[in-house]
Amino acid sequence: MRLHFSMNTRRTFLAVAAGLVAASAAAFLAADSFAQSPAEVKVWIAFTDNRLDWARGKAEEFNKQFPQYKVTVEGYGNYEEIQQATDLAIQQKAAPSVVQWFEVGTQRARDFGYFKSIADALGNRTEVNGIPVNFDDFIEPVVSYYTLDGKFTSMPWNSSSPILYSNTAILKKAGIEKPPATWQELEAACQKIMALPDAPQGCVTWPNHGWFYEQWMAQQNALLANNDNGRAARATQVFLDSEPSIAIATWWKGMHDKGYYIYSGKQRDWAATEQAIQTGTVAMAITSSADAANITNAAKQNNIELVTTRMPYNADKGWTGNLIGGASLWLVKDLPKEVEEGALTFMLWLNNTENAAEWHQVTGYLPIRKSSVALLESKGWFKENPNFFTASDQINNSKVTPATRGALLGAFPEIRNVVTQTMEDLMVKGGDPAQAMAKANEEANRLLAEYNSLYQ
């Protein structure tokens, strides 16, 4: 039997069919558009100053080059704040993709289980989205610090080293031909400087921060903790009562007692240190190379010429090397595949030869790639800006030993606080350095044991 349709029925049928085709096409285009939406990569860093501006500018540049991703950068006030924010975000299942974590938080980063190692994420790949994976190009101290259990664990970014900043005019006035290289030379230089008729308020300053104590331990090739500084196995004991440790406390206190070392009265006071050397309040300051740009430029505005040299060391023990400081970028685990790929791409791109060189120029952080150092040298950067070369020279000439690789401690930030409080008490209240460090050692080991009990 044949069916017959009226003209109106046929028109209705054709209209419906056309509508279905249009709807299907629209749905396909919408689905395709959704598929092409950029994967969001959230990056959290511990900066709110010009370093955040630089990172955000780089993210915009990256997003134009790789439109399949959308990287956003959020800044936090300090490393402790970003750790707290990460804890909360993980609990609320609202974690970012990449987190900047400071170097002494490395053991915690491993224990918390928030992150996936870079090595595991990359596998055997030699490139990601056309960006080479070349860890051999990173300078050795950086590679050795962030290689854990034989794996490259996090992506280096802002690595620094403490250096000595000296006011050339004051040194010249005191008859000092070159900045001091050792504790003993520094003390002798301070004696001359403070004897000047128009002596500055103080000879030298540095922040009362555990990082400097740790540097002086490493320079003496002294371990801060057992099990090769926690790298052969989990650290279960620290050595704040060791002879090299007591030597640091004794010398530091002695410099303060003689009026050579100026203490601001506030622990971890980076700002006061910068202010003192920039304004001529002190003749010398030991602080991070990460501040080389800010300090040098601010001093110039005050008509003060500064020169940088290596961090002074204990001549009685010699110099083995210095630790790196700063932080690295950690990849959050269990990300969607496309987000993880975007995060890896961004981290590799951010640390390519050109960007690593520019980051150094903007801040003073170490150029962490050998190719970046070569690029800067080819452009005459270090020749024109010798204050920026010191940290690289210091780190690249450091011997890699268990001491200079840096300690891995679960309670590291808390142990740092014990050291800074002990040094403050010695300077302000007095006392015997050996007894003070023995007491500090007991407290530090208690904190370490308490932490380890949660993760062993």
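Predicted model: local features only at pLDDT ≥ 70, side-chain atom pairs only at ≥ 80, totals over all residues.
The protein chain has 456 residues, of which 54% count as buried. Its secondary structure comprises 20 helices and 14 strands. Along the principal axes, the C-alpha atoms occupy a box of roughly 120 × 50 × 35 Å. When contacts between residues at least 6 apart in sequence are considered, 78% join residues at least 24 apart.

Helix H9, spanning residues 210-219, packs against helix H19, spanning residues 412-428, with the axes 8 Å apart and at an angle of about 90°. Because angles of 65 to 115 degrees count as roughly perpendicular, H9 and H19 are assigned to that class. On the H9 side the contact involves Gly210, Trp211, Tyr213 and Glu214, and on the H19 side Phe412, Arg416, Val419 and Thr420. By class, the residues of this contact are 4 nonpolar, 2 polar and 2 charged.

The crossing of H12 past H13 is right-handed. In this pair, Glu274, Ile277 and Gln278 of H12 are in contact with Asn294, Ile295, Ala298 and Ala299 of H13. The contact of H12 with H13 contains 4 nonpolar residues, 2 polar residues and 1 charged residue.

Note on methods: Residues numbered from 1 in each chain as written. Heavy atoms only, no water. Left-handed = near helix turned anticlockwise from the far one by under 90°. Helix = DSSP H or I, 4+ residues; strand = E, 2+ residues; numbered from the N terminus. Contact = heavy atoms within 4.5 Å. Nonpolar A, V, L, I, M, F, W, Y, C, P; charged D, E, K, R; others polar. Buried < 20%, exposed > 50% of the residue type's maximum accessible area, 1.4 Å probe, protein only. Axes fitted to C-alpha atoms, helices over the stretch in contact; angles between N-to-C directions. Parallel < 35°, antiparallel > 145°, perpendicular 65-115°, else oblique.
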